[in-house]
Amino acid sequence: AYQAAANALRVLAVGYVLTALSSVCCTMLNALGHPRASVAAVLGGTMVSAGLCWVAIPSWGLLGAAGGSVAGMAVTLGLAGTLLWRTGRAAFPWSSV
């Protein structure tokens, strides 16, 4: 009965790893006094996710929703990581991952 959701859950599992990493970046941005940068990263990812879901869900259904959501999560990580790196005071601790 739940077999149809299995592929979507596999896609979302990757996305939640990205979300965990972006949460670290956003927390560091907030701690360094750049809360607006953190908000900008999350809003950017949310807009990408909403746009892709709007386009993908009619054609791809549940898998399209998962893919659009994960793409938004990746954009959030990319933006948060870039903004953190550009502050010049901190970088993502890749060696600890």
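**Exercise 1: The overall plan**

How many helices and how many strands are there in the protein chain?

*Solution.* Keep in mind that you're looking at a predicted model. Start by counting: the protein chain has three helices and zero strands. Next, walk along the sequence, and you'll read the pattern α-α-α. Now look at burial: 31% of the 97 residues in the protein chain count as buried. Last, check the contacts between residues at least 6 apart in sequence: 76% of these join residues at least 24 apart.

**Exercise 2: Serine 22**

Work out whether S22 is buried or exposed, and find what it touches.

*Solution.* Step one is to locate the residue: S22 sits in helix α1, which covers residues 3-31. Step two is the accessibility. The cut-off for buried is under 20% relative accessible area. S22 has 6% relative accessibility, so it counts as buried. Step three is to look for partners, skipping neighbours within four places in sequence: S22 is in contact with T76, L77 and A80. T76, L77 and A80 are also among the buried residues of α3.

**Exercise 3: Checking the span of α3**

**Exercise 4: The loop residue H34**

Where is H34, and how far in space is it from T87?

*Solution.* Begin with the place: H34 is in the loop between α1 and α2. Its relative accessibility is 29%, so H34 counts as partly exposed. Now the distance: H34 and T87 are 53 residues apart in sequence, yet their C-alpha atoms are 8.7 Å apart in space.

**Exercise 5: The nonpolar core**

Which residues make up the largest nonpolar core?

*Solution.* List the twelve residues: L18, L21, C25, C26, L29, A37, A41, V70, M73, L77, A80 and L84. Then sort them by helix: α1, α2 and α3 each supply at least two residues of this core. Zoom in on one member, A37: leaving out residues up to four places away in sequence, A37 touches L29 and L83. For background, nonpolar side chains tend to be buried together in soluble globular proteins.

Definitions and conventions. Residues are numbered from 1 along each chain as its sequence is written. This is a predicted model: local features need pLDDT of at least 70, side-chain atom pairs count only at pLDDT 80 or more; totals for chains, interfaces and linings use all residues. Side-chain values use heavy atoms; hydrogens and water are left out. Helices (H or I, at least four residues) and strands (E, at least two) are DSSP runs, numbered from the N terminus. Buried means under 20% relative accessible area, exposed over 50%, partly exposed in between (1.4 Å probe, protein chains only). Contact means heavy atoms within 4.5 Å. A nonpolar core is a set of buried Ala, Val, Leu, Ile, Met, Phe, Trp, Tyr and Cys residues joined through side-chain atoms within 4.5 Å.
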